[in-house]
Amino acid sequence: QAIGMVNKLIIPKVRRNAFAGAVLVRMPEAAVNFDARLVNMIMDVLSERGYACRYDCKRTLMPVEIDRHTFRILSEERIEHMFYIKYPEAELPRNLTG
């Protein structure tokens, strides 16, 4: 499962940002389901492939609805998982005119 997520969700973003040398990959809670073992395995897979990886979890209260009688705002907690990945920058070939 971890290898599939890395190949499907993370590596395309790494390739898209190859010249930058770093990328921030955000995943909603539904993708990871806050399984600490899965997060650890994702970081292990990335480390084995030569990437430096950091992980952070952001919790945000999002308003869902307002109770019309009490005017209380009903909120739900949304969790976003973030992987900050660093790698050697891709270089552009120099002196193309020979």
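Leaving aside neighbours within four places in sequence, N17 is in contact with A22, V23 and Y87, where contact means heavy atoms within 4.5 Å. N17 has its place in the loop between α1 and β1 (22-28); helices (H or I, at least four residues) and strands (E, at least two) are DSSP runs, numbered from the N terminus. With a relative accessible area of 29%, N17 is partly exposed; buried means under 20% relative accessible area, exposed over 50%, and partly exposed in between (1.4 Å probe, protein chains only). The C-alpha atoms of N17 and Y84 are separated by 12 Å, and the two residues are 67 residues apart along the chain.

The model is predicted, so local features need pLDDT of at least 70 and side-chain atom pairs count only at pLDDT 80 or more, while totals for chains, interfaces and linings use all residues. Residues are numbered from 1 along each chain as its sequence is written, and side-chain values use heavy atoms, with hydrogens and water left out.

Rings of Phe, Tyr and Trp (its six-membered ring) pair if their centres lie within 6.5 Å; planes under 30 degrees apart count as stacked, over 60 as edge-to-face and the rest as tilted. By this rule there are two aromatic pairs. The ring centres of Y51 and Y87 are 5.8 Å apart and the planes stand at 90°, so this pair is edge-to-face. Y51 lies in the loop between α3 and β2 (52-66) and Y87 in the segment after β3 (73-86), so the pair ties together parts that are 36 residues apart in sequence. Both Y51 and Y87 are buried.

The aromatic pair of Y55 and F83 is tilted, at 5.2 Å centre to centre and 50° between the planes. Because Y55 lies in strand β2 and F83 in strand β3, this pair ties together parts that are 28 residues apart in sequence. Y55 is partly exposed, with a relative accessible area of 26%, whereas F83 is buried at 0%.

Strand β2 also holds P63, which is exposed at 59% relative accessibility. Leaving aside neighbours within four places in sequence, P63 is in contact with I73, L74 and S75. From P63 to E77 the C-alpha distance is 8.9 Å, across 14 residues in sequence. In the loop between β2 and β3 lies F71. Most residues other than glycine have a negative phi. F71, although not a glycine, has a positive phi of about 60°. With a relative accessible area of 64%, F71 is exposed.

The helices remain. The axes of helix α1 (residues 2-16) and helix α3 (residues 36-48) come within 9 Å and cross at roughly 65°; axes are lines fitted to C-alpha atoms, for helices over the stretch in contact, and angles run from 0 to 180 degrees between N-to-C directions. α1 and α3 are therefore roughly perpendicular to each other, a class that covers 65 to 115 degrees, with under 35 roughly parallel, over 145 roughly antiparallel and the rest oblique. In this packing A2, I3, M5, V6 and I10 of α1 meet L38, M41, I42, V45 and L46 of α3. By class, that contact has ten nonpolar, no polar and no charged residues; Ala, Val, Leu, Ile, Met, Phe, Trp, Tyr, Cys and Pro count as nonpolar, Asp, Glu, Lys and Arg as charged, and the others, Gly among them, as polar.
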